[in-house]
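These questions and answers are meant for a reader who is new to this structure. Each answer works towards the name or value asked for.

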Amino acid sequence: ATKYVYMVPYKYTASCVEQEDSNAIRKRSKRSAFCVGCPTAITDLNGGEHKERVIKILLAKVAGSESQLKSMQPEIINATSQVVQGTMYTYFVAYRLEDSHQVCKLTSWERPWLDGAEAYQYTAECGAGQGDSNVLRKRRSKSRSKRAFGNPRVLTEEELQQDEHIKRVDAILASNPGVGAASPKIVNGTMQLVAGNSYTYYIAYTVNGEERVCQLNSWERPWLEEKQPEEAYKRTVKCDGTDESSVARARRHAKKTGASNELSAEDLKDKSHVERIKAGLVAYNTEKSKSYDDFEIVKGSVQLVAGSLYKYTFKVKSEPEVVCKISVWERVWLDTQDQRKYNVKCDGDDEPEQEQKLAASKRSARSVRPRQSDADGEGHYSKGEDHARHLFEKFKLKHSRQYQSSLEHEMRFRIFKNNLFKIEQLNKYEQGTAKYGITHFADMTSAEYRQRTGLVVPRDEDRNHVGNPKAEIDENMEIPEAFDWRESGAVSPVKNQGNCGSCWAFSVVGNIEGLHQIKTKVLEEYSEQELLDCDAVDSACQGGYMDDAYKAIEKIGGLELESEYPYLAKKQKTCHYNSTKVHVRVKGAVDLPKNETAMAQYLVANGPVSIGLNANAMQFYRGGISHPWRPLCSKKNLDHGVLIVGYGVKEYPMFNKTMPFWIVKNSWGPKWGEQGYYRIFRGDNTCGVSEMASSAVLE
């Protein structure tokens, strides 16, 4: 790929005050619109002070000797000065190098009251990212290979006159209308192969008698036009800090320095505000188990207070009655992890303090879970940023995570860090013996994680069919203290649904596999892919409902073997059902009562039971009997279909307690949980385990 960089000197006037003589400016009152701290154009470019300063910077940062400096024939194109804890001088200087023109941006930060090197600090940025070391020597050492892959190639004066480059410069300027360049002249340009073609130009043009310089860049990847058109051509413009748009912004802020400045409706259309809110919602969504990803900004403001403090009010589109407020404190000069601090508050977030204390005391009294070590995941969040980053690096290595950009990397780290908080809360308030820790879901938001489950429960108003009949259960039946259908060979090996929301299909197929083995004494593995392709009611990888799946199997005509209709983790365009290969048929289904004793009786008498539950705690489950605090795993939010294959009781003589549990077969592969299984507390409808129990009826 090729990266082109062009430098163009241009002239324009953009001052924070109307142009007038220096005496008039000094006489302005304090209430004037003068932009304190903004760059001010230097008009006397040929003054001895500025020439002397430029020569010092060039000798220190660019040229190797005075003779080399003379051969460069430097000429100051444009300059500004700025009061910023001292005085910052910025110069754009044109010079000759070999057969081409070059442009350098030179700065001198002068604080004469300091000692040593701190008093005068020089920088130089020349051409396409040459840096501030000895540029001439570097250029000569690279001249033999300047066409090498990945290195910027300087475009000759003849090339810069070609229509290709002139049209590209026009296109870049057209994509940034705020610059408003008139009759620009291309001073310098480079082309670079960097995952596409990157062109950089420096252009010069004149506005109101003053010459200005802008750096234009066009990163071109035409092969993305069809699928990602917005990524195919990335065009940016960087001027010398005194263009009209930046001055206008500076004037607006200067009017109310330190006070809150309301953002207009036009300002709020800028994508940066949306991205800022989305980044802040990462932690909130994780902590509150929400999925507030689509919203409408109602109002916003910005305040200069040791950085920039942004405040927004927005409505959640999925829940129009919910209004949220978010504040974002940006201090970009700090380390990456401290640059932005977020605070989000939405309607309905408050929990009375007294209720929190009462709930905490009850949990403490009930819990028999032994104290866990940091290795199990507890306390990671509280240990701070450095510890979290260390864990994140280990997580990336273990799970082979690679992110497309540094921005995505930081976003995933924020999600990971907030998931550490969630893990800490699960461990802190666990009432059973479960341990929660870092799993392969640890860099996913709650919404992304739910896409790996897949149970979609129809709303009452959407249900237009008759429900299943109630299961017949012998209430007087005596059952053993523990029971496990795996010991009877009625449970197939743990499967993996992959990145597909097809848990509903695995739950139903597992139920039918168990019933068929109990009936025939032959264990067969049936095809979930058949349901993804041929079930016209459910939505394949976008989710489904077990009751609908039973009806679909009955309507289709039965299930084929997994080996004959293998799982692909995606819906195919056509159904490949073959009636001659059917191995099991269904004639309906039954619903079990919301009573865990009755569920156990039915399981012992008939076989494994399909259920839906809230999988919130399963995201970080590592083992043990899971009994989450109810607010962390509500019985109302069922989002995952699984299979109960047995039950048992764990005794704790030290605490004089027993802990009953269900044995649940999951569909996330044998590396998850306890070899693919989940033990969850039995007896109080934990995570909604008894809300949606059902079973097929075989022919």
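Q: Which residue in E23 is the bridge partner of Asp-484?
A: The model is predicted. Strand E18, residues 483-484, is joined to E23 by two bridges, and the two run antiparallel. Asp-484 has its bridge partner in E23, and that partner is Gly-646.

Q: How many bridges join E23 to E24?
A: E23 also pairs with E20, antiparallel and through five bridges, and there Gly-612 stands opposite Gly-641. With E24 the run is again antiparallel, and Val-649 has Pro-660 as its bridge partner. The number of bridges joining E23 to E24 is nine.

Q: Which element gives the most residues to the largest nonpolar core?
A: This core has 60 residues, of which Ile-611, Trp-662 and Tyr-678 touch the most other members. Elements that give two or more residues to this core include helix H12 (406-428), strand E20 (609-613) and strand E24 (657-665). In E23, 10 of the 13 residues are buried. With six residues, the element that gives the most is E23.

Q: Is His-50 buried or exposed?
A: His-50 lies in helix H2, residues 48-61. Beyond its neighbours within four places in sequence, His-50 is in contact with residues including Ile-42, Leu-45 and Ile-76. Its relative accessibility is 9%, and the cut-off for buried is under 20%, so His-50 counts as buried.

Q: What is the length of the polar contact between the side chains of His-50 and Tyr-91?
A: Tyr-91 is one of the residues in contact with His-50, as is Tyr-89. The side chains of His-50 and Tyr-91 are joined by a polar contact of 2.9 Å.

Conventions: Residues are numbered from 1 along each chain as its sequence is written. This is a predicted model: local features need pLDDT of at least 70, side-chain atom pairs count only at pLDDT 80 or more; totals for chains, interfaces and linings use all residues. Side-chain values use heavy atoms; hydrogens and water are left out. Helices (H or I, at least four residues) and strands (E, at least two) are DSSP runs, numbered from the N terminus. Buried means under 20% relative accessible area, exposed over 50%, partly exposed in between (1.4 Å probe, protein chains only). A polar contact is a pair of N or O atoms within 3.5 Å; within protein, one must be able to donate a hydrogen and the other to accept it, and residues adjacent in sequence count only if both atoms are side-chain atoms. Contact means heavy atoms within 4.5 Å. A nonpolar core is a set of buried Ala, Val, Leu, Ile, Met, Phe, Trp, Tyr and Cys residues joined through side-chain atoms within 4.5 Å. Two strands pair if DSSP finds at least two bridges between them.
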